[in-house]
Amino acid sequence: MRLAGLRSLLFWTVAILAGGVLAGCDNPFDPLKTTDKIQGLTFFDFTAAQAHWDSDPEWDGLQISMSYFNEFGDQLNFHDKPHQLTIELYSEVAGDATGDPVTRGGLLASFDLEYSNSDDLINVPIEFYGGSLSLPSTEAVTGCVLIRVFPPQQSPQRELFFFTCGVELFTPEDALL
């Protein structure tokens, strides 16, 4: 074998071995690691708004988009990491003339679900909570939303939660015209 062919064979052998050795290196904060745990999860945020997700022209309900973050404020993306969420919808009690803020009223609906992928949307059909609202209404109905996240494989079981008021739970169709 000529010297050039031997060098080429040696180069490719070293390249394949180096690729195999370095393939095992992982970022310890990588949320896509093969564990069930979402590495670095510190807090979350969500947006909730009325949405249409089927073919009829009426509002279908509340659509929630979740965002998970680590302690540095970096968004975490993950797939196939099932964990529990609890979503609670409350009515609002308006503040008084002294400047008291809007507060949480009575419970409208509460339900548990399993959440697995950071890019999934959560659809809450209006049938789940509409019976507790005075519908039909010609005015928009706002309320409060409390979401509890139970991160996977946390020991002891940890709970993260986020609460906000002023979420539009129902918008009359003619208000959009």
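This is a predicted model: local features need pLDDT of at least 70, side-chain atom pairs count only at pLDDT 80 or more; totals for chains, interfaces and linings use all residues.

Q: How many aromatic pairs does a search of the whole structure find?

A: A pair of aromatic rings is described by the distance of the centres and the angle of the planes. The search of the whole structure returns eight such pairs.

Q: Are F78 and Y115 buried or exposed?

A: Buried means under 20% relative accessible area. F78 has 0% relative accessibility and therefore counts as buried, and Y115, at 2%, counts as buried too.

Q: Why is the pair of F111 and F128 described as edge-to-face?

A: An angle of over 60 degrees between the planes counts as edge-to-face. The planes of F111 and F128 stand at 65°, with the ring centres 5.6 Å apart, so the pair falls into that class. Because F111 lies in strand β5 and F128 in helix α2 (residues 126–129), the pair ties together parts that are 17 residues apart in sequence. F111 is buried, with a relative accessible area of 15%.

Q: In what order do the four strands form the open sheet?

A: The order is β5-β4-β7-β8, with antiparallel pairing. Strands β5 and β8 (160–170) stand at the edges, and because each has a single partner strand, one side of each is left without a neighbour in the sheet. On average, neighbouring strands of this sheet are turned by 25° against each other, direction ignored. Between β4 and β5 there are ten bridges, and Y90 stands opposite L107 in β5.

Q: Which residues are linked in a network of salt bridges?

A: Side chains of opposite charge can pair when their charged atoms come close. Here the network links E88, R148 and E159. R148 bridges to E88 with the closest N and O atoms 2.8 Å apart; since R148 lies in strand β7 (residues 141–150) and E88 in strand β4, this pair ties together parts that are 60 residues apart in sequence. R148 also meets E159 in a salt bridge, at 2.7 Å from N to O, and E159 lies in the loop between β7 and β8, eleven residues apart from R148.

Q: Which of these residues are buried and which partly exposed?

A: E88 is buried, with a relative accessible area of 10%, whereas R148 is partly exposed at 25% and E159 is partly exposed at 36%.

Terms used: Residues are numbered from 1 along each chain as its sequence is written. Side-chain values use heavy atoms; hydrogens and water are left out. Rings of Phe, Tyr and Trp (its six-membered ring) pair if their centres lie within 6.5 Å; planes under 30 degrees apart count as stacked, over 60 as edge-to-face and the rest as tilted. Buried means under 20% relative accessible area, exposed over 50%, partly exposed in between (1.4 Å probe, protein chains only). Helices (H or I, at least four residues) and strands (E, at least two) are DSSP runs, numbered from the N terminus. Two strands pair if DSSP finds at least two bridges between them. Axes are lines fitted to C-alpha atoms, for helices over the stretch in contact, and angles run from 0 to 180 degrees between N-to-C directions. A salt bridge is a side-chain nitrogen of Lys or Arg within 4 Å of a carboxyl oxygen of Asp or Glu.
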